Each structure stands twice: as structure tokens, then as C-alpha cells.
Amino acid sequence: MAERRLTVALEQDGPIPLAVAFDCAPGAVLGIFGPSGSGKTTILRSIAGLYAPRTASIAIGGEVWVDTASGRFVPPHRRPVGMVFQEYALFPHMTALGNVMTAIGVRPRGERRERAEHLLERVHLAGRRHRRPAELSGGERQRVALARALAREPAVLLLDEPFSAVDRAVRRRLQDEIDDLRRSFDVPLVLVTHDFDDIIRLASHLLVLEHGRAVASGPLGDLTSRPDSGWLGEAVGPGAVLEAVVARVDRAGGLADLAFEGGTLVSGDTGLSKGMPVRVRVPARDVVLAGREPSNVSLHNVLAATVVALAPEPVRGHVIVQLAVGRERLLAEVTRDAIARLHIEPGRDLFALVKSVSLEVLPLRTRLT
Amino acid sequence: MEWQALSVSLWLGAGTLAVLLPPGIALGHLLAVRTFPGKSLVEALVAVPLVLPPTVLGYYLLTSFGARSPLGAAFDHLLGQTLAFSFPGLLAASAIANLPFVVQPIQRGFEAVPPDVREAAACCGLDPWRRFLRIDLPLAWPGIVTAAILAFAHTLGEFGVVLMVGGNIPGETRTLSIAIYDRVQAFDDRGAGQMAAVLLVLAVAALALVTVLGRRVGRRRG
């Protein structure tokens with residue numbers, strides 16, 4: 001059996017303009033990011049078969065779900081898709097268990113029940129299985145929706161703004177849970193969100209959508225460290241996302257050392273523990289460039305860097321400097337005046353200075369296996 | 001108390017439901033979930049018996065049921081019986097007069113099912129028929145029961161259409177509401193009062209049942 005890779009190409013002028021082509025490998029998480037109305041949900045609905053764009057080809061492995069050229073369209077109930085809807089869309093007249101059992105398909109009742117109970121255990125809802133959706137909290141409903149989406153043994157998982165209706169603490173736990181499930185169900189996962197936090201926490205790949213058009217796509221690390229990242233929008237702003245591991249925690253000093261491919265970053269986040277894998281976003285606006293290594297300063301991160309490329313920053317008229325730090329790339333946003341004064345040009349060796357408290361550190365769930 | 005008239009009324013009510021509910025559910029579902037050209041026209045036609053004076057409706061039905069009309073002639077040919085002034089004719093007329101009372105609550109019931117719930121059912125692998133049986137029907141159930149109660153109660157009370165199409169044949173087309181009218185004409189206030197009380201009790205019971213069901217739906221959506 002060929003690798004069950006999801007390939008999607010959609011195109012139409014209206015009523016919802018679309019022009020995207022992407023693929024997603026099993027185990028990968030494609031984050032589709034964009035403002036509301038950019039067509040994110042329409043893409044998911046097209047994959048699920050709930051929407052038929054004028055021109056489309058959607059396939060998983062060798063199985064073609066949609067091919068408008070040949071007129072092939074597999075109806076939604078024959079596509080093994082696990083979809084979590086934005087408002088969860090649970091069946092209000094069924095219990096949590098009933099919701100999950102309904103999605104299991106044609107099997108003996110006892111077997112369906114056993115499997116549904118197992119899935120509810122997986123999402124830590126075993127004790128709530130006889131409750132109806134109206135008697136569950138937002139986070140619990142979301143987990144029922146997740147268990148129901150997994151019940152079909154889907155070939156692809158689709159999550160539509162899965163955290164929009166829950167508060168921040170619940171959101172963290174759900175992100176962890178999805179990350180866990182992603183590891184054990186080796187299928188492509190497509191996540192639609194307008195919150196970049198979800199992307200940093202879960203996505204391995206990113207597709208940025210604007211008016212139905214992909215303005216940028218690629219692996220998350222590569223994409224966020226590109227100097228021309230105006231597509232991230234004003235709300236997020238440019239900033240490289242790095243993978244790191246917590247090497248040391250100094251609770252007394254209020255610091256944590258994060259080892260990454262280019263060296264060590266010091267963070268002011270002490271809610272971390274040693275050995276924890278993390279993703280670190282380094283906002284470009286918080287990176288200072290210096291021609292010489294400074295001394296006697298309060299900041300902890302002084303990284304030797306080489307300028308790789310420059311690109312204009314369209315919103316404020318500044319310049320984005322792409323820096324090589326070891327094998328990683330960082331971004332710094334500086335004024336044109338600073339470019340002239342420091343003679344910043346590709347190949348120049350500099351020091352990148354980052355305050356420890358400026359780093360946005362997002363822990364990834366550790367799995368001791 | 002005319003037991004025969006009460007029996008005709010009750011049979012007419014039950015028969016109307018049996019004839020009208022299956023197509024009413026199908027039509028209500030269609031109007032709730034699909035958009036198609038001419039949908040507004042269909043909805044308007046369904047609502048016509050609500051606004052038309054019963055005697056006008058009865059007149060048109062009587063004309064189309066008559067032995068000289070194609071429908072009446074076909075019925076006569078097949079069953080050797082006239083459609084007008086017979087129980088089957090009365091049943092057909094009652095079904096048409098009750099169309100809005102059945103279709104509209106059912107349509108509202110199906111419309112209240114959130115579209116994403118229906119879509120989620122498709123994504124759970126349920127084919128259209130199983131989606132209808134396991135999602136749509138149970139969620140719209142209170143609307144269907146409401147429709148049945150309203151149509152039954154309305155059938156018991158229908159006067160104009162029944163008189164026009166059925167005439168007043170004891171044991172065949174003489175319903176309770178017509179019997180009441182006859183008793184009043186004959187100055188039998190006692191008999192009319194008894195039968196009116198029966199209809200009053202039935203009507204109040206029907207409305208109470210509709211209200212209880214409505215509250216149950218509200219609780220479920222809580």
C-alpha cells in the first residue's frame with residue numbers, strides 16, 4: 001500500500017474564491033492559517049465532501065475522492081474522514097457514548113460499544129460517557145467530538161478551529177491531547193485556525209491563506225524564518241520559530257536554558273522542566289543587532305550571527321534581517337537607519353541580542369517512550 | 001350524545017393522520033433541507049388551506065370529486081362508489097385541508113436541526129437514509145407529534161369542508177361538529193352542549209400536549 005498522503009488542489013473564482021494546492025503526509029500536521037473569511041473552512045469542507053468547488057482534485061494515497069476533470073465525486077459518508085467541527089456538532093439526542101458509537105459503522109453492537117468506550121477513555125471522558133452534550137462542558141464536548149472523529153479509523157483528520165470555544169487553560173490541555181493522538185494515529189492532520197498559537201504548538205507545516213489563495217506554504221521552521229514574512233499579518237508579526245529542548249532550569253534565578261541547533265537560548269519562563277521539548281518563537285521586533293559583543297548588560301541572549309538576507313518590512317517601512325545562528329535562522333526587525341549605521345549586508349558578522357523575557361516558549365508534550 | 005357521529009369524527013381524525021403523515025414528513029423534510037426552484041410556490045400552496053374560507057375549499061374539492069370530474073369518474077370506475085358524499089371523499093378532503101397543519105410544524109422541526117449536525121452525521125459515515133432515521137427524525141420528533149396533534153384536533157372541529165364535501169350522511173359523513181350544528185338547529189341545547197363539551201376537552205388536551213412537547217424540546221437544546 002502506498003503512503004496514505006493527502007493531496008489537494010482546489011480552484012474556483014466564486015462565490016468563495018479558492019486557489020490552493022497542497023499535500024500532507026501521514027503524521028504531519030498542516031496548519032492552515034488565515035483571517036476569517038479567507039476560505040479556510042471551505043478547504044476542510046471540500047476535503048470532507050461537504051462542499052464541491054468548481055475545479056478540484058482530492059486524493060488520499062491512490063484513492064481519488066474528487067476529480068472534477070473526470071466527474072468523480074465520492075459522497076461524504078463514503079470518505080473515511082474524521083472531522084471536528086468548530087461548534088463540535090455533536091448529536092444532541094445521544095449520550096457521549098452514543099455519539100461515538102454512531103460513527104463506528106457497521107459492526108456488532110457489543111464491539112461498537114467496547115471500541116467507543118475505549119476511545120472515550122483515550123480522551124479521558126470514560127466517567128462522562130452517559131451524559132448528553134448539553135450536560136458537558138465546552139472542553140468535554142470538544143473531546144467527545146475528537147473521539148467521534150477517530151471512531152471511523154479515519155484516513156485523514158480535519159480540525160476546524162478546534163479551540164475557538166474554550167478558554168486558554170482548557171486549550172492547552174486539548175492541544176496536548178491532540179498532539180498525543182496525532183502520534184498514535186499515523187494519518188495526515190489538517191488544522192484550520194486563526195490563532196498562531198495553535199500553529200506553533202501543533203503544526204509541522206504551514207499554509208497561509210488570504211482570499212482563498214496560498215500566500216506562503218512550507219515546513220513551519222523554514223517559513224517563519226523567511227525574511228519576507230509580511231503574509232503573517234500585523235497581528236502575529238514576523239518571528240522565527242525554533243525547536244529546542246530544555247537543558248537546565250534555574251528556579252532561583254528565574255531562568256531556563258533552551259538548547260537549539262544554533263546554541264543556547266535563555267528564557268525567563270520557569271514553568272518548564274528539564275528535557276522538555278519546546279518550540280520557541282523569537283519575535284523579530286525584540287531582536288537587537290550589535291556590531292560588537294556587548295558587556296555588562298541585563299540581557300542573557302547574545303548570539304553570534306551572520307547576516308543572510310535583507311527584506312523590506314512593508315507595514316512600518318523597516319527592514320527584516322535574516323540571520324544565521326549556527327544551523328538555525330532568526331529574524332530581526334530594524335530601522336533603515338540602523339542598517340546604514342551598522343553597515344548591515346549579507347555576509348556581515350554581528351551579534352543578535354534577545355531579552356530572555358521576549359522569547360515565547362511553548363512546551364510540546366513529552367512522551368517517555 | 002351521538003356516538004355514531006363521534007365515531008365518524010375519530011375515524012376521520014385517525015385516517016387523516018395515516019394518510020397525511022408519511023407524505024407530510026417527506027415534504028416537510030424536503031422543504032427544510034433543500035433549496036430548489038419553485039420552493040416558495042410549494043410553500044404557498046401548502047399554506048393555502050390556512051387562509052381560504054373552508055366553504056371555498058370545500059366547493060373546489062366537491063367540484064373536483066364530482067362524478068363528472070376526471071378524479072371523481074376514475075374513483076367511481078375503480079371502486080364503484082362516488083367520491084363526493086362518501087367517507088373516502090371526506091378523508092381526501094380532510095387530508096388536503098390539514099396539509100398546512102401537518103407540513104408546517106414538521107418543516108419547522110427539521111429546520112431546527114442544526115445543519116452542521118447533519119453534516120457531522122455524514123462525516124461519521126451515515127448514508128442519507130440512516131442520517132434521516134437516526135439524526136433528523138429523532139431531533140424533529142416533537143415537531144412531528146405536534147403536527148399530528150394539531151391535525152387530529154383540527155379534523156375533529158372541521159365544519160365547512162365536511163359539510164360541503166361530505167354532506168350529512170349518518171354513519172358515513174356526519175361528524176360530531178355537524179351533529180352539534182343539527183342539534184342547535186333542532187333546539188336541543190342539552191345534546192349540543194354535551195357534544196360541544198367533548199370537543200372542548202379534546203381540544204384543550206391536545207393543546208396541553210403540544211405545550212408539554214414544546215417544553216421538552218427546549219430542555220433538550222438547553
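# Strands, cores and a covered helix

Tutor: In this predicted model, A240(A) has V282(A) in β15(A) as its bridge partner.

Student: What stands opposite L242(A)?

Tutor: V280(A), in β15(A).

Student: How many bridges join β12(A) and β13(A)?

Tutor: There are 6 bridges between β12(A) and β13(A), residues 255-260, again in the antiparallel sense. In β13(A), F260(A) is the bridge partner of A244(A).

Student: What do β12(A) and β13(A) form, and how many residues lie between them?

Tutor: A hairpin, with 4 residues between the two strands. G254(A) sits in the turn and has a positive phi of about 70 degrees.

Student: OK, zoom out. What is the strand order of the sheet?

Tutor: The order is β14-β13-β12-β15-β21, all in chain A. That makes an open sheet of 5 strands with antiparallel pairing.

Student: Which strands stand at the edges?

Tutor: β14 (263-267) and β21 (360-363) of chain A. Each has a single partner strand, so one side of each has no neighbour in the sheet.

Student: By how many degrees are neighbouring strands turned against each other?

Tutor: By 40 degrees on average, with direction ignored.

Student: New topic. How many residues are in the largest nonpolar core?

Tutor: It has 94 residues. Among those with the most contacts inside it are L6(A), F22(A), I32(A) and W65(A).

Student: Which helix gives the largest share?

Tutor: Helix α4 of chain A, residues 138-151, which gives 7 residues.

Student: Where does this core lie relative to domain 1 and domain 2 of chain A?

Tutor: Between them, because both domains give residues to the core. Domain 1 spans 6-231 and domain 2 spans 236-363.

Student: Back to I32(A). What is it in contact with?

Tutor: Leaving aside neighbours within four places in sequence, the contacts of I32(A) include F22(A), K40(A), I43(A), V190(A) and L209(A).

Student: And L242(A), which core includes that one?

Tutor: A second, separate core of 34 residues. A244(A), V334(A) and V354(A) are also in that second core.

Student: How far is E114(A) from L242(A) in space?

Tutor: They are 42 Å apart, C-alpha to C-alpha. In sequence they are 128 residues apart.

Student: Where does E114(A) lie, and is it buried or exposed?

Tutor: E114(A) lies in helix α3 of chain A, residues 109-122. E114(A) counts as exposed, because its relative accessibility is 61%.

Student: What about Q175(A), buried or exposed?

Tutor: Buried, with a relative accessible area of 1%. Q175(A) is found in helix α5 of chain A, residues 168-184.

Student: What does Q175(A) touch?

Tutor: F163(A), D197(A), D198(A), R201(A) and L202(A), not counting residues up to four places away in sequence.

Student: Which residues are the buried ones in α7(B)?

Tutor: V117(B), R118(B), E119(B), A120(B), A121(B), A122(B) and C123(B).

Student: What follows α7(B)?

Tutor: G125(B), whose phi is positive, near 95 degrees.

Student: Are C123(B) and C124(B) buried or exposed?

Tutor: C123(B) counts as buried at 5% relative accessibility. C124(B) counts as buried at 6%.

How values were computed:
Residues are numbered from 1 along each chain as its sequence is written. Chains are lettered from A and ligands numbered from 1 in the order in which they are written. This is a predicted model: local features need pLDDT of at least 70, side-chain atom pairs count only at pLDDT 80 or more; totals for chains, interfaces and linings use all residues. Side-chain values use heavy atoms; hydrogens and water are left out. Two strands pair if DSSP finds at least two bridges between them. Axes are lines fitted to C-alpha atoms, for helices over the stretch in contact, and angles run from 0 to 180 degrees between N-to-C directions. Buried means under 20% relative accessible area, exposed over 50%, partly exposed in between (1.4 Å probe, protein chains only). A nonpolar core is a set of buried Ala, Val, Leu, Ile, Met, Phe, Trp, Tyr and Cys residues joined through side-chain atoms within 4.5 Å. Domain bounds come from an automatic or database domain assignment. Contact means heavy atoms within 4.5 Å.
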